[in-house]
Amino acid sequence: MSVQLDDRWQLRAACRGPNQVIFFPPSQLERRSDKRRREQRAKEICSTCSVQTDCLGYALDIREQHGIWGGSTENERRERLNASNN
Ligand code: SF4
C-alpha cells in the first residue's frame with residue numbers, strides 16, 4: 001500500500017463547500033432510491049473534477065470505506081480492490 005502523503009490535490013476538489021454533504025450517507029436512515037439519487041449527483045460532480053484520478057487513487061490507497069471518492073461508491077472501490085487482489 002502506498003499512501004499518498006501529498007494531499008494538495010484536495011484544495012482543487014470540486015466537492016469542497018456546501019455540496020460536500022451529498023458525498024456521504026446521512027446520519028439517519030436513507031432509502032435506497034434516495035441513496036441512488038444522492039450518489040448519482042455526487043458522481044456527476046466528480047465527472048467535472050480536475051483531481052478525480054488523484055482522489056480515486058487516494059481512496060483506494062487508504063481503503064476508504066465510506067462515501068463517494070473519485071466518482072466511485074464504497075462498493076465499487078471494494079470490487080475494484082478485490083479484483084486487483086485476484
Ligand atoms: S473526484 Fe469527486 S470526491 Fe474526489 S475530489 Fe473530486 S469531486 Fe471530490
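The buried residues of helix α1 pack against helix α2, where buried denotes a relative accessible area under 20%, exposed one over 50% and partly exposed anything in between (1.4 Å probe, protein chains only), and where contact requires heavy atoms within 4.5 Å. The model is predicted, so that local features need pLDDT of at least 70 and side-chain atom pairs count only at pLDDT 80 or more, whereas totals for chains, interfaces and linings use all residues. Residues are numbered from 1 along each chain as its sequence is written, and side-chain values use heavy atoms, with hydrogens and water left out.

Helices are DSSP runs of H or I with at least four residues, strands are runs of E with at least two, and both are numbered from the N terminus. The residues of α1 that are buried are R38, E39, A42, I45 and C46. Viewed down the helix axis, these buried residues fall within an arc of 115°, and they therefore line one face of α1, the arc being that of the directions from the helix axis to the C-beta atoms.

A search of the whole structure finds six of them. In one, the side chains of R37 and D34 meet at 2.7 Å, N to O, and because these two residues are three apart in helix α1, about one helical turn separates them. R37 is partly exposed, with a relative accessible area of 49%, and D34 is likewise classed as partly exposed, at 26%. In another, the side chains of E39 and K35 meet at 2.9 Å, N to O, and both residues lie in helix α1, four residues apart, which is about one turn of the helix. An α-helix has 3.6 residues a turn, so residues three or four places apart point the same way. Within this second pair, E39 is buried, with a relative accessible area of 12%, while K35 counts as partly exposed at 27%.

A further salt bridge joins the side chains of E76 and K43 at 2.8 Å, N to O. This pair links distant parts of the chain, with E76 in helix α3 and K43 in helix α1, 33 residues apart. Both partners are partly exposed, E76 with a relative accessible area of 34% and K43 with one of 23%.

Rings of Phe, Tyr and Trp (its six-membered ring) pair if their centres lie within 6.5 Å, and planes under 30 degrees apart count as stacked, over 60 as edge-to-face and the rest as tilted. By this rule there are three aromatic pairs. In the pair of F24 and W69, the ring centres are 6.4 Å apart and the planes stand at 80°, so the arrangement is edge-to-face. F24 lies in the segment before α1 (32–46) and W69 in the loop between α2 (52–61) and α3 (74–85), so this pair ties together parts that are 45 residues apart in sequence. F24 is partly exposed at 32% relative accessibility, whereas W69 is buried, with a relative accessible area of 16%. W9, F24, Y58 and W69 form one aromatic cluster.

How values were computed: Salt bridge = Lys/Arg side-chain N within 4 Å of Asp/Glu carboxyl O.
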